[in-house]
Amino acid sequence: RDSFGRRAMEDADYFEGSAAEWGNEADGGAQDDEDGEGEDDAEVQQECLKKFSTPDYIMEPSIFNTLKRYFQAGGSPENVIQLLSENYTAVAQTVNLLAEWLIQTGTLATNDLESLLLTHLLATPAWLEQMIAHTTWRDLFYKLAEAHPDCLMLNFTVKLISDAGYQGEITSVSTACQQLEVFSRVLRTSLATILDGGEENLEKNLPEFAKMVCHGEHTYLFAQSMMSILAQEEQGGSAVRRIAQEVQRYAHEKGHDASQITLALGTAASYPRACQALGAMLSKGALNPADITVLFKMFTSMDPPPVELIRVPAFLDLFMQSLFKPGAKINQDHKHKYIHILAYAASVVEMWKKNKRVSINKDELKSTSKAIETVHNLCCNENKGASELVAELSTLYQCIRFPVVAMGVLKWVDWTVSEPRYFQLQTDHTPVHLALLDEISTCHQLLHPQVLQLLVKLFETEHSQLDVMEQLELKKTLLDRMVHLLSRGYVLPVVSYIRKCLEKLDTDISLIRYFVTEVLDVIAPPYTSDFVQLFLPILENESIAGTIKTEGEHDPVTEFIAHCKSNFIVMN
């Protein structure tokens, strides 16, 4: 017992020595209190002293937090030492000592003690196992764990739930991130779910997945490290790399600078000068001639770094802003360097074997650079109006065939038509910028989601500067672009959006009828069941079908409905 007392005094001396350190934080802590809960220092001290007076409080996990609060409130170290020492009864240490004595005297074998502890102290309560077998109780535990992330019992329960195979249910960010073992299981399950479901499943599950990964630096680093390893696999590696890049974009949009982690997990570490230049630009969110010059020299050398070094989505986005955003200023003496690096990232193909580059193909580098430069000069020339652009349409169409140029033009169109006065100044039925969207849709299937996203944004924007009839005509023009997008293979997302417009009752019904009429003009059997399930309810709506049916032998509405009912089991 004397040895326990000395141990308690040693701990008390430690706390007294640390009091000064915590006291140094007291000024900041006091300020936090004033800004936060505004607790009275005397009340805080009394509350802490009451806890110090309880038996064996020095052994409680919360001792350090309580000590910190006490010292920040101006408490005296002497009181702490006295109360903790006087109330130290050493129950846990006494049990350990008795167990050692029993083992030494042969009264209790080590195996017996282990069995006893496992049976009475470490076994999972039967009632808890029964509770986690039911969805309702599991949902309750998730909510409680979210509200009380520091509760050891709840964290233990979440681990039990994960061990039982229900990790797919753990979507709560805080709950999933408390324990590495649970987080790794949830990460694995979530990643498998996204990979198995294709693009549509990615859009549905990515926000929650990215939120979980970006919970903290430790979860972000762990998840990105795992995905970096998986991305090197031949089968499915590119899909994992895409997910990792989408998570990087999410982190960037949320204001987190994860550039150093991104570079560390890639090949940048082997190229310190490139890594420094890239890191500086990514951290600042802007390109600059000095760092671009460093990269330009490296990527025009005889032995350039791996192309994947500059294939960072956030980095490529900076080129879009510098080369295609209206009004963006770029140093003319360095413009060719910007164009070269972007073209290099977009067109160069490398072959690697056992971490060694065996070939590098630059056949499309020159033509890609030329296309980027041509479109940059056309789109970012403030002296060129819509009429001048119409005269250059054939040139623009040729350049749009390059994917990187198509993305740049799409960004440029978005920035241009989003100006409040843009449509007010247009006289053409189909402005040239919207016509360019049709060409992008025709040439690049992978850009279909971004094109639809832009069209939806414009369709839902209130163009108050236009009168009612002009607004209707503009929306019809946008619907024409959606129908063209549908005709190029992006069917279900387009029809799904119009279906939602009808269900929400926030769109002029004449526009829905216009869309239906246009679609019926471009479609023909056979139809997929997914398309029928989406499109048929729109047609069968009385406010739609009753007004667009035509008299005579050829009635596209009646023909479509009849075809569907004779070939499909239609479900509402």
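Author: Start with Arg-249. This is a predicted model, and in it Arg-249 has a relative accessible area of 31%.

Reader: Why is Arg-249 called partly exposed?

Author: Buried means under 20% and exposed means over 50%. At 31%, Arg-249 falls in between, so it counts as partly exposed.

Reader: What makes Arg-249 and Asp-317 a salt bridge?

Author: Their side chains meet at 2.9 Å, N to O. The cut-off is 4 Å, so the pair qualifies.

Reader: Where do the two partners lie in the chain?

Author: Asp-317 is in helix H19, residues 313-324. Arg-249 is in helix H15, residues 237-253. They are 68 residues apart, and the pair links distant parts of the chain.

Reader: Is Asp-317 buried or partly exposed?

Author: Asp-317 has a relative accessible area of 23%. Buried requires under 20%, so Asp-317 is partly exposed.

Reader: Which residues join Arg-249 and Asp-317 in one network?

Author: Arg-242 and Glu-246. Salt bridges that share partners hold the four in that network. The structure holds twelve salt bridges.

Reader: What about Arg-481 and Asp-438: where do they lie, and are they buried or exposed?

Author: Arg-481 is in helix H27 and Asp-438 in helix H25, residues 432-443. They are 43 residues apart. Their side chains form a salt bridge at 2.9 Å, N to O. Both residues are buried.

Reader: How many residues separate Glu-503 and Arg-499?

Author: Four, about one turn of helix H28, residues 491-504, in which both lie.

Reader: Why do Glu-503 and Arg-499 get their accessibility labels?

Author: Glu-503 stands at 53%, over the 50% limit, so it counts as exposed. Arg-499 stands at 18%, under the 20% limit, so it is buried.

Reader: How do you know that Lys-475 has no salt bridge?

Author: The nearest side chain of opposite charge, Glu-462, is 8.4 Å away. The limit is 4 Å, so no salt bridge is counted. Beyond its neighbours within four places in sequence, it is in contact with Phe-459, Thr-461 and Leu-511.

Reader: Which residues have the most contacts inside the largest nonpolar core?

Author: Phe-315, Met-482, Phe-535 and Phe-560, in a core of 102 residues. Not counting residues up to four places away in sequence, Met-482 touches Leu-452, Leu-455, Val-456, Phe-459, Val-494, Tyr-497 and Ile-498. A second, separate core has 35 residues, including Cys-177 and Tyr-250.

Reader: What do the totals for the protein chain say?

Author: Buried residues make up 41% of its 572 residues. There are 32 helices and two strands. The accessible surface comes to about 32000 Å², of which 52% belongs to carbon and sulfur atoms. Of the contacts with a separation of 6 or more, 64% are between residues 24 or more positions apart.

Notes
Residues numbered from 1 in each chain as written. Predicted model: local features only at pLDDT ≥ 70, side-chain atom pairs only at ≥ 80, totals over all residues. Heavy atoms only, no water. Buried < 20%, exposed > 50% of the residue type's maximum accessible area, 1.4 Å probe, protein only. Lys, Arg positive; Asp, Glu negative; His and termini not counted. Contact = heavy atoms within 4.5 Å. Core = buried A, V, L, I, M, F, W, Y, C linked by side-chain atoms within 4.5 Å. Areas by Shrake-Rupley, 256 points an atom, 1.4 Å probe, with all protein chains shown as cover.
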